[in-house]
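Hello,

Here is the structure we talked about handing over. My notes on what turned up in it follow below.

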Amino acid sequence: MKVLKDILYKVQIDSIVGSVDVGVKTIHFDSRKVEQGSLFVAQKGVTVDGHKFIGKALDLGASVIVCEEIPETIKDGVTYVKVYSSDIALAIIAANFFENPSSKLKLVGVTGTNGKTTIATLLYQLFKKAGYKVGLLSTVKVMVDDIEYKATHTTPNSVAINQYLNEMLQEGCEYCFMEVSSHGIHQSRTEGLEFAGGIFTNLSHDHLDYHSSFAEYRDVKKSFFDALPKSAFALTNLDDKNGMIMLQNTKAKKLTYALKTIADFKAKVLEKRFSGTLLTVNNVEVWTKLIGQFNAYNLLAIFGTAELLGLEKLEVLRLVSELESVSGRFQYTVSDNSVTAIVDYAHTPDALKNVLETINDIRTGNESVITVVGCGGDRDKTKRPKMAHIASHLSGQVIFTSDNPRTEDPQVILNEMEEGVAPENYKKTLSILDRKQAIKTACKLADEGDIILIAGKGHENYQEINGERMHFDDFEEVTECFNQLKNQ
């Protein structure tokens, strides 16, 4: 059991009512999980105010309440800590409760619109291959060395982050690679963490349902680098117009990577195939199984980070050549009649454009590209027509379909997408609400050598309709379609 006064270190406190010598068994921000001896943090969330549940937390045995507003009625024997920000307080308290595990391993955060999962996951892969014990916090999964947990958020809540980091230490991990989302930064989930380094990938249209403007979205990302200590490194994509903005106020050591300009870590793509890419990295030639220019950027970030963390250059390049594609990121299969199906998580205009340009770059010119794509419900509506425009412009045939409509009417989402289709591309488009049927149709339309892109869901193995999740896996569906066509 930890003593309250020891876990309030660095927390900005307004006032305290009660004793700071009280014991704390667990920390919770969900009142339903509170037990005897818990510390409950009341947060003012986007949709729910945790202050309304202080009474419930007390009924379940909370001994400490951390809040921004102390209740009018005070319960005897309970300590109330009034703070300026419950979000920041929770993160710092969580770090202190688990004895600041991030300070005892090398934690590297990856932020940006696209590429976070690939970079974090492949860094995990690379360091495992190099013989280290490693942790991973990603959209797809959480890894505590070889122990796997299902991921629920790109950046977990601050209690979960510190709990995982603590478990990584117990398992002997030396490194952890972590996706850092704009939501996670904005909600202070990364406060109290000590990062050894930060990586910026790129910035494009996304999450404008949450952030009030693109400028706010950019500045939230930048604040992650602003907070890095002098001992850390800050590695940025110099080819992205926001790359140097990220480093303007950081105290960390500034480094860059690029394909188009002179940088600390530089690459040139020599050859592109569906089986991989040949490139030079800092003037050394390397073959990688990863595909496309966007992955060349990802590999540069990986190469730079590995070198900055002390690995030898040629050893890093050898390991880079062994890296396997991340689930749902340009994951492909080929049918018996040579139709290539690619499943990719591309769910932003920029990511979709990158993937389709990569496909068009590699194909010989005779094959047709058939794209199956949708947009998520209850999310940024402004990107729907943009994604439809990109898909119809860069594909030979497009099938608009449901992604995760959530609580929205899927037909309304498709209607909003169709508004972005240019008149000369109308004949290229179909709309099929049922995603399974849309994938089947794409398989039937494909001739020998054609390429099917199924975009938007990638690694996700569910579809969420009317708030209900049901099993659905794009890669499983297209594989089944290929098998059915083979047996006909």
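**Pockets and cavity**

The second largest pocket has a volume of about 590 Å³. Its lining consists of 24 residues, and T190, E191, G192, L193 and E194 are the ones nearest the centre of the pocket. Two elements, α3 (86-97) and α7, each give two or more residues to the lining of this pocket. The largest share comes from α3, with three residues. Please keep in mind that this is a predicted model.

The space in the largest cavity is about 30 Å³. Its lining is made up of T118, L290, N295, S325, V326 and R329.

**Nonpolar core**

In soluble globular proteins, nonpolar side chains tend to be buried together. Here the largest nonpolar core has 42 residues. The residues with the most contacts inside this core are L126, F127, F177, I199, Y257 and V281. Helix α8 (residues 293-308) provides the largest share of the core, eight residues.

L126 is worth a look on its own. Leaving aside residues up to four places away in sequence, L126 touches I302, A306, L311, V316, L319, V320 and L323.

**Aromatic pairs**

There are 11 aromatic pairs in the structure. One of them joins Y149 and Y164, with 5.4 Å from centre to centre and 50 degrees between the planes, a tilted arrangement. This pair links distant parts of the chain: Y149 belongs to strand β11 (residues 147-150) and Y164 to helix α5 (residues 158-170), 15 residues apart. Y149 is partly exposed, with a relative accessible area of 27%. Y164 has a relative accessible area of 18% and is therefore buried, the cut-off being under 20%.

Another pair is F195 with F224. The ring centres of F195 and F224 are 5.0 Å apart and the planes are at 85 degrees, so this pair is edge-to-face. Distant parts of the chain are linked here too: F195 sits in the loop between α6 (182-186) and β13 (197-200), and F224 in helix α7 (residues 214-226), 29 residues apart. F195 counts as buried because its relative accessibility is 8%. F224 also counts as buried, at 5% relative accessibility.

Ring pairs also join F127, Y132, Y175 and F177 into a cluster. Of these, F127 and F177 are among the core residues listed above as having the most contacts.

**Charges over rings**

Two lysines are placed over aromatic faces. K2 lies over the face of F97, at 4.9 Å from the ring centre. K457 lies over the face of Y462, and the figure there is 5.0 Å from the ring centre.

**Positive phi**

Most residues other than glycine have a negative phi. Which way does phi of K10 go, positive or negative? For K10 phi is positive, near 75 degrees. K10 is placed in the loop between α1 (4-7) and β2 (13-17). With 59% relative accessibility, K10 counts as exposed, because the cut-off for that class is over 50%.

S338 is another residue other than glycine with a positive phi, near 65 degrees. The loop that holds S338 runs between β19 (331-334) and β20 (340-344). S338 counts as partly exposed, at 37% relative accessibility.

**H28**

H28 is part of strand β4 (residues 26-28). Is H28 buried or exposed? The relative accessibility of H28 is 16%, so H28 counts as buried. With residues up to four places away in sequence not counted, H28 touches K33, V34, E35, S38, L39, F40 and V41. H28 and A57 are 29 residues apart in sequence, and the C-alpha to C-alpha distance between H28 and A57 is 9.3 Å.

Regards

Note on methods
Residues numbered from 1 in each chain as written. Predicted model: local features only at pLDDT ≥ 70, side-chain atom pairs only at ≥ 80, totals over all residues. Heavy atoms only, no water. Core = buried A, V, L, I, M, F, W, Y, C linked by side-chain atoms within 4.5 Å. Buried < 20%, exposed > 50% of the residue type's maximum accessible area, 1.4 Å probe, protein only. Helix = DSSP H or I, 4+ residues; strand = E, 2+ residues; numbered from the N terminus. Contact = heavy atoms within 4.5 Å. Phe/Tyr/Trp six-rings, centres within 6.5 Å; stacked < 30°, edge-to-face > 60°. Lys NZ or Arg CZ within 6 Å of the ring centre and 35° of its normal. 1 Å grid on protein atoms, 1.4 Å probe; cavity = no way out; pocket = protein on both sides within 12 Å on 5 of 7 lines; lining within 4 Å. Points joined across faces, edges and corners; volume = space filled by probe spheres on them.
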